[in-house]
Amino acid sequence: METSISFRFLMLTMIVLGLRQVKSRAVPPGPMIIISCLMLGFSFYGMVLAFSGSVLSMGVWFFALISTFFMFRNLDYPRDWSFDPMTKNLIIPGSWLPLLLIIFIFALRLFVRYQIRNLSSLIHSSVFLLSISSIYGFLSGIFASRTWHAFQLSRRK
């Protein structure tokens with residue numbers, strides 16, 4: 001299966017960014033929020049490409065995103081982050097989770113693309129549409145909750 005050069009470049013860039021998050025670090029909230037928003041955008045773009053912006057798929061994606069966002073937000077996820085008001089940086093312990101989420105989103109995108117290209121009848125399958133839309137929404141909700149948490153921490157005095 002062929003992938004575009006821009007897709008490969010984006011995937012490589014996001015994997016490098018994910019690898020950088022394995023180590024504990026102090027980061028300004030801006031780049032953290034931008035990266036999370038980029039992943040949300042990539043998830044949304046994947047949904048539009050996979051299902052031609054179907055109202056049902058977008059509705060399921062949005063419902064899964066919002067449900068996951070509120071679930072993780074109520075859990076105060078991630079708990080081990082802090083904000084240093086002197087440097088105005090988020091203090092984030094290293095984690096493999098962002099890299100795993102990034103890899104999973106790209107793998108899911110490739111899987112969906114392959115399935116649709118080789119089994120075009122799947123695009124009309126309600127089970128396929130609901131499953132993929134839910135997974136994309138769930139992953140997007142995790143990124144959204146992390147972004148919200150970063151934003152909230154950076155606003156505390």
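This is a predicted model: local features need pLDDT of at least 70, side-chain atom pairs count only at pLDDT 80 or more; totals for chains, interfaces and linings use all residues.

Residues are numbered from 1 along each chain as its sequence is written, and side-chain values use heavy atoms, with hydrogens and water left out.

Q: Why is Phe 69 called buried?
A: Buried means under 20% relative accessible area, exposed means over 50%, and partly exposed lies in between (1.4 Å probe, protein chains only). Phe 69 has 13% relative accessibility, so it counts as buried.

Q: Why does Phe 70 count as partly exposed?
A: Its relative accessibility is 37%, so Phe 70 falls in the partly exposed class.

Q: What makes the pair of Phe 69 and Phe 70 edge-to-face?
A: Rings of Phe, Tyr and Trp (its six-membered ring) pair if their centres lie within 6.5 Å; planes under 30 degrees apart count as stacked, over 60 as edge-to-face and the rest as tilted. By this rule the count comes to six aromatic pairs. In one of them, Phe 69 and Phe 70 lie 5.1 Å centre to centre, with 75° between the planes. Phe 69 and Phe 70 also form one aromatic cluster with Trp 148 and Phe 151.

Q: Why is Thr 147 called buried?
A: Thr 147 has 11% relative accessibility, so it counts as buried. This residue lies in helix 5. Helices are DSSP runs (H or I, at least four residues), numbered from the N terminus, as are strands (E, at least two).

Q: What does Thr 147 contact, leaving aside its neighbours within four places in sequence?
A: Thr 147 is in contact with Ile 33, Ser 36 and Cys 37. Contact means heavy atoms within 4.5 Å.

Q: Which helices do the buried residues of helix 4 pack against?
A: They pack against helix 1, helix 2 (29-51) and helix 5 (126-155). Among these buried residues are Pro 98, Arg 109 and Gln 115.

Q: Why is Lys 88 called exposed?
A: Its relative accessible area is 56%, so Lys 88 is exposed. Lys 88 also has a positive phi, of about 60°, although it is not a glycine. It sits in the loop between strand 2 (82-84) and strand 3 (89-92).
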